[in-house]
Amino acid sequence: MQRHNIFNQIHKGLRALLFDTALHLQRTDFTNEVEAEEALNKVREAVLLFDEHAQKEDAFVLPAIAEFEPSVVATFQAEHVKDMALSNQLTASVETFFLQDAPAQKILAGQQLTRSFMAFTVFNLEHMAKEEDLVNTILWRYYSDEVILGMQQEIVRNTTPWLNDFFSKWMLRGINTAEATSWLQAVQATAPDVVFQTLLNKAAEELPGARFERIASALADGVPTA
Ligand SMILES: [Fe+2]
């Protein structure tokens with residue numbers, strides 16, 4: 001039986017954020033002020049969302065497995081500390097960039113920033129894969145899908161709305177059409193209408209027209225798409 005993967009949707013969103021930002025950095029001419037500012041803003045957004053994500057896992061997911069597998073919890077807490085060090089290094093690279101005036105220095109600072117972002121990306125791709133392997137195995141052993149889904153909903157309830165808004169944008173960009181349809185159907189069935197309409201509008205903005213049409217028609221018919 002396919003079990004509920006608490007990380008699936010959020011990690012797909014976070015990977016979309018990493019890939020998009022990494023590609024954007026590669027294409028940035030750091031001597032162009034507008035391009036550089038845009039790239040730095042994307043890096044800041046990534047740092048913000050990854051920090052928030054790690055804090056929520058520390059608060060709502062790791063405690064659920066602590067009594068069964070304390071050593072696994074210790075390993076992931078240590079990884080979150082390493083992640084924080086990489087975020088701090090990235091933030092320092094962003095600040096260093098702003099201290100540069102000469103074009104040649106800006107190019108060098110841009111290269112340094114790009115390297116820091118790649119290190120952050122590599123670490124987080126491996127970290128997320130490990131969570132999906134090890135943490136899921138433990139969650140599935142000790143908890144029902146209903147309880148696991150409850151943990152996921154608890155995280156959303158305890159996240160500031162404007163941050164949820166950023167996460168939703170990246171999740172919509174990172175998941176497939178069937179997943180987006182199920183997500184919207186679940187929100188339609190359980191959340192206030194204003195929350196559903198906001199997410200639906202975001203889906204219309206973020207997804208290519210043909211994909212959004214498939215979701216909209218499934219919502220109208222009340223059946224899941226494949
Ligand atoms: Fe995670």
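A residue counts as buried when its relative accessible area is under 20%, and as exposed when that area is over 50%. By that rule, the buried residues of helix 1 include His11 and Leu14. The model described here is predicted. The domain assignment of its chain gives domain 1 (8–158) and domain 2 (176–226).

**Domains**

- The centres of domain 1 and domain 2, taken over C-alpha atoms, are separated by 27 Å.

**Iron site**

- The iron ion has protein donors from His11 (NE2), His53 (NE2), Glu57 (OE), Glu57 (OE) and Glu131 (OE). These donors lie 1.9 to 2.8 Å from the ion.
- Along the chain, the donors follow the spacing H-x41-H-x3-E-x73-E.
- Helix 2 holds both His53 and Glu57, which are 4 residues apart, or about one turn of the helix.
- His53 has a relative accessibility of 11%, so it counts as buried.
- Glu57 is also buried, because its relative accessible area is 3%.
- His11, another donor residue, is among the buried residues of helix 1.

**Helix 1**

- Helix 1 has 20 residues and spans 29 Å from its first C-alpha to its last, close to the 28 Å expected at 1.5 Å a residue.
- The buried residues of helix 1 are Gln9, Ile10, His11, Gly13, Leu14, Ala16, Leu17, Leu18, Thr21, Ala22 and Leu25.
- These buried residues are covered by parts of the structure that include helix 2, helix 4, helix 6 and helix 7.

**Helix 5**

- Helix 5 runs over residues 145–157, which makes 13 residues. From first C-alpha to last it reaches 18 Å, close to the 18 Å expected at 1.5 Å a residue.
- Ile148, Met151 and Ile155 are the buried residues of helix 5.
- Seen down the helix axis, the buried residues of helix 5 fall within an arc of 50°, so they line one face of the helix.
- Glu146 and Arg157 are exposed residues on the face of helix 5 turned away from its buried side.
- The buried residues of helix 5 pack against helix 2 (33–66) and helix 4 (103–142).

**Nonpolar cores**

- In soluble globular proteins, nonpolar side chains tend to be buried together.
- The largest nonpolar core of this model has 44 residues. Those that touch the most other members are Leu14, Val43, Leu113, Phe117 and Leu184.
- Elements giving two or more residues to this core include helix 1 (8–27), helix 3 (70–98), helix 6 (161–174) and helix 9 (209–221).
- Helix 2 supplies the largest share of this core, 8 residues.
- Leaving aside neighbours within four places in sequence, Leu184 is in contact with Phe196, Leu199, Leu200, Ala203, Ile215 and Leu219.

- His4 lies in the segment before helix 1. Its relative accessibility is 23%, so it counts as partly exposed.
- The C-alpha atoms of His4 and Asp145 are separated by 5.6 Å, although the two residues are 141 residues apart along the chain.
- Not counting residues up to four places away in sequence, His4 touches Trp140, Asp145, Ile148, Leu149 and Gln152.
- Met171 lies in helix 6. At 11% relative accessibility, Met171 counts as buried.
- Met171 and Leu14 are 157 residues apart along the chain, and their C-alpha atoms are separated by 7.3 Å.
- Leaving aside neighbours within four places in sequence, Met171 is in contact with Gln9, Ile10, Gly13 and Trp183. Gln9, Ile10 and Gly13 are among the buried residues of helix 1.
- Ala218 lies in helix 9. Ala218 is buried, because its relative accessible area is 3%.
- The C-alpha atoms of Ala218 and Gln105 are separated by 53 Å, and the two residues are 113 residues apart along the chain.

Terms used
Residues numbered from 1 in each chain as written. Predicted model: local features only at pLDDT ≥ 70, side-chain atom pairs only at ≥ 80, totals over all residues. Heavy atoms only, no water. Expected span 1.5 Å × (residues − 1). Buried < 20%, exposed > 50% of the residue type's maximum accessible area, 1.4 Å probe, protein only. Arc of directions from axis to C-beta. Contact = heavy atoms within 4.5 Å. Donors = N, O, S within 2.8 Å, 3.2 Å for Na, K, Ca; no water. Core = buried A, V, L, I, M, F, W, Y, C linked by side-chain atoms within 4.5 Å. Domains from an automatic or database assignment.
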